[in-house]
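Please read the following note alongside the sequence and the model.

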Amino acid sequence: MNLNPETLSAVKNLIYSTADDHLVLGHRNSEWTGLGPILEEDIAFSSMAQDKLGQALALYQLLNKLGERDPDTIAFTRKENEFRCCHLTEYPIGDYGFSLMRHFLFDEAALLRFDMLSNSGFTELSHIAKKFRGEIKYHVMHAEEWIKQLGNGNEESNRRIQIMFDTVYPLAHGIFEPLENENILIENKIYEGENELEQRWRVRIGKIVKDANIILNETEPKDKHYGGRRGMHTEYLKPLLLEMTEVFSIDPNAEW
Amino acid sequence: MSLKSLDPRITREELPDVPDNTPLKDIHHWNTFEVFHQSKTGGHHIHVGSLHAPNAEMALILAKEQYARRYNCVNLWVVKTSDILASKKEDEEIFETTPEKLYREASGYKVMEKINKFKNERKKG
């Protein structure tokens with residue numbers, strides 16, 4: 001598929017947003033390695049964090065094919081305002097309930113996004129989406145099992161998971177901040193758009209939290225946590241990038 | 001004083017230095033589950049290890065990352081460890097003569113020659 005410059009730019013924007021989400025959240029979630037609540041969960045959560053880095057890598061490799069710099073340079077040398085991740089991915093890990101709820105709300109959206117992209121008219125992107133569908137499906141199974149069990153557990157677990165849901169659900173709306181020029185993607189059947197994705201996500205989340213005995217209150221305006229897709233980030237991204245690029249920055253030309 | 005460890009999971013449990021003998025509540029003491037792994041459809045499920053989980057559903061979720069992230073896997077089983085009935089260690093002698101009973105094995109019969117002969121005849125016919 002040959003893309004005209006305008007479409008190519010919109011496609012790159014979509015790929016940057018998705019890849020940066022996975023890189024930044026993958027890095028965040030990896031902070032639990034060695035500290036997870038129990039050994040088995042620690043291993044599972046760390047492994048899923050690595051999956052996210054692999055997904056980001058595949059997307060950066062596609063960007064490289066489309067004329068962008070090599071994946072390491074993209075991941076480790078861009079400035080904060082060049083990142084396109086949503087605010088949700090940037091927040092510190094908090095207590096495990098926060099990280100688990102973020103993992104649930106984010107990966108549900110990721111699965112729906114990768115489902116959409118599996119049908120993309122841009123075949124290079126649909127190949128990647130199909131390749132990682134299984135990984136993300138497991139992430140969702142893992143998240144849903146915890147949400148279901150904690151929501152229906154005892155009074156304490158329900159209370160705590162409800163607090164985390166109330167905290168993270170508004171932040172998650174930033175995932176669906178409309179992309180610049182996404183109408184071009186929609187017209188060219190490359191991607192159905194953030195609005196369509198958000199509609200599907202809300203239906204799905206609504207059903208799961210109901211089964212988990214969690215109450216869904218729509219309280220905040222949904223654009224409150226927008227900005228990430230335009231390079232405007234929370235105060236938490238910069239320290240994360242400094243830490244993530246610490247080793248790379250010692251010698252950017254080192255052969256690994 | 002409570003037990004300090006390099007593993008923060010141990011330290012935050014605030015375990016006493018001297019073990020007390022009060023029974024653990026279920027919520028602090030998950031069951032173990034045995035995990036069985038199938039590497040291809042139609043193959044046997046093979047025991048690969050055990051893990052802690054609050055129930056079978058969660059055991060299955062956790063088993064995927066503990067035992068199926070590096071090797072081919074198409075299916076997993078989990079079984080609560082306490083649901084397995086095992087023969088007793090002191091009864092090991094009941095198996096003792098087994099290696100001497102080769103005469104009972106099907107491999108003792110030389111049937112391949114007959115089968116090949118039959119196949120060849122069918123091909124010709």
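This is a predicted model: local features need pLDDT of at least 70, side-chain atom pairs count only at pLDDT 80 or more; totals for chains, interfaces and linings use all residues.

1. As background, nonpolar side chains tend to be buried together in soluble globular proteins.

2. A:Phe106 deserves a separate look. With its neighbours within four places in sequence left aside, A:Phe106 is in contact with A:Leu25, A:Leu88, A:Ala172 and A:Ile175.

3. How many residues does the contact take from chain A and from chain B? It takes 12 residues from chain A and 12 residues from chain B. On the side of chain A that touches chain B, α2 (39-65) and α5 (123-151) are the elements that give two or more residues. This side of chain A has six nonpolar, three polar and three charged residues.

4. Two packed helices are described by the angle between their axes and the distance between the axes. The axes of α2(A) and helix α2 (residues 56-67) of chain B cross at roughly 65 degrees and come within 9 Å. Therefore α2(A) is roughly perpendicular to α2(B), as angles of 65 to 115 degrees count as roughly perpendicular. The crossing of these helices is left-handed.

5. To this contact α2(A) brings A:Glu40, A:Glu41, A:Ile43, A:Ala44 and A:Ser47, while α2(B) brings B:Leu62, B:Glu65 and B:Gln66. By class, these residues are three nonpolar, two polar and three charged.

Conventions. Residues are numbered from 1 along each chain as its sequence is written. Chains are lettered from A and ligands numbered from 1 in the order in which they are written. Two residues are in contact if their C-beta atoms, placed from the backbone, lie within 7 Å. Helices (H or I, at least four residues) and strands (E, at least two) are DSSP runs, numbered from the N terminus. Ala, Val, Leu, Ile, Met, Phe, Trp, Tyr, Cys and Pro count as nonpolar, Asp, Glu, Lys and Arg as charged, and the others, Gly among them, as polar. Axes are lines fitted to C-alpha atoms, for helices over the stretch in contact, and angles run from 0 to 180 degrees between N-to-C directions. Angles under 35 degrees count as roughly parallel, over 145 as roughly antiparallel, 65 to 115 as roughly perpendicular and the rest as oblique. A crossing is left-handed if the near helix is turned anticlockwise from the far one by less than a right angle, and right-handed if clockwise.
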